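User: I'd like to learn how to read a model like this one. Can you walk me through it?

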Amino acid sequence: MALSLARGFGVLLLALALVQLPGSPFAQSDKPVVYVAPIEGIIDLGLAPFVRRAIDEAANAGAAALVLEVNTFGGRVDAAVQIRDALLDSKVKTIAFVNKRAISAGALISLAAEHIVMAGGSTIGAATPVQAGGGGAAQPVSEKTVSYVRKEFRATAESRKRPPLIAEAMVDADVAIRGVIAKGKLLTLTTDEALKHKVVDFRADTLEAALERLGIKDAELRRVSPNWAENVVRWLTHPVVSSLLVSIAMIGILIELRTPGFGIPGAAGLGSLGLFLWGHWLVQLAGWEELLLALGGIVLLMLELFVIPGFGIAGVLGILALAAALVLSMLGTGDTPQFIMATAARVVFALLFALLASLLLLRYLPRLPFGRQFVLQTGLDAAQGYASAPEHDHALLGKRGRTTSPLHPAGIVEIEGERVDVVSDGELIDAGELIEVVRVDGNRIVVRRTTPTTNSNEER
């Protein structure tokens, strides 16, 4: 027993010695670890979760610092504010290495870092908020919005002991600083100007040189990049993709409302709506309020589809609730009234497009070669193994009657005192309207809305 303990103790001492030997593969590295995350392209809401993850990974690894390599023309204000808050709350040292430009939202992110280093030939500033106008041109925003962004910049500069008035002048052209910027001009600083006015700590043309100046020599650089999930979220929240998802969702839901049962259109619509809300939930645009509003809209539409005959108040309220949830899910902190109106207009346009597309699909899809796969139209006679339509059904061609139930598109009509199961020719027909039998497809009697005529049987 004693011999076994002695051997075990000897193995432990040998392992400890191997760990301490220079050059040993088991030896721990004495190099400081620095995490590096890129801030490039458009600043969008999908970037905020990535930056928060980079901060957490650096802190959990005991890194000496997290470097943000900044080269951006800016982006969304609310996205920059989320990143700014994460940087101010960071437990690890943060460094903004501006290599080329930190414009607009990029300037706020840089100011929130503990240290700012600029490479030669770089710029920082020009952060006045704007909105997209007609033709994609930038348009000015309200004074309320400018005031909000200006104070965000000032508070950020004050928290990092940088000149607050310089930060305000980057946002508001009405801020004048003698010897720096005149009133009516927006402040953008070059590397040398930023050094002169103590906005940045120093100049360094490489990341290694910047770290060395900060006392972090021979650091092990661990580069962090967005993972697949973060890339998916950024893709789902892209304005073009968001609008497409909204259109697909509404087309599927509207088609489902106008056809019996539940099938592919409804599944595609609910799936697109789920992807839209999931992406905006992850970037903190959609909250419980938006999700509950969307769920309420879906419940009202389901009631309209399966419980309440016709299309009335429940259907209208359901569509309005869905539209409100979609609009609110696209809005963030600091959005201007003009942006809110533009977002609402995008949703309304998507609804109108979905309504038109659903009508066209319902009318023309059964007539297309690939569309016939979704409709039971065999075109076969009894000799080929299928029963032909009864002579009674063919006798109804051209006859008129009145609907006794809504056609969605299936329903019941009364023709010459007889109740007949029919389907409409791709349109919603309310109860009590006049119809005419236009064709018989297999065992389907197809009707179309018609206008009253004198001396007709249905009017007597």
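Analyst: Start with pLDDT, the predictor's confidence in each residue, from 0 to 100. Contact means heavy atoms within 4.5 Å. Over residues 456-460 the pLDDT stays under 50, and the model has eleven contacts for them beyond four places in sequence. This is a predicted model: local features need pLDDT of at least 70, side-chain atom pairs count only at pLDDT 80 or more, and totals for chains, interfaces and linings use all residues. Residues are numbered from 1 along each chain as its sequence is written, and side-chain values use heavy atoms, with hydrogens and water left out.

User: Where in the chain is confidence lowest, and where highest?

Analyst: Helices (H or I, at least four residues) and strands (E, at least two) are DSSP runs, numbered from the N terminus. Helix H1 (residues 2-20) is lowest, at a mean of 49, and strand S4 (residues 115-118) is highest, at 95. The pLDDT is below 50 over residues 11-28, a stretch with six contacts beyond near neighbours in sequence.

User: What should helix H2 span?

Analyst: The expected span is 1.5 Å times one less than the number of residues. For the 14 residues of H2 (residues 47-60) that gives 20 Å, and the end C-alpha atoms are 20 Å apart, which agrees. Just after H2, Gly 62 takes a positive phi of about 65°.

User: Is Ser 110 buried or exposed?

Analyst: Buried means under 20% relative accessible area, exposed over 50%, partly exposed in between (1.4 Å probe, protein chains only). Ser 110, in helix H4 (residues 105-112), is buried, at 0%. Beyond neighbours within four places in sequence, its contacts include Val 70, Ile 124 and Arg 162.
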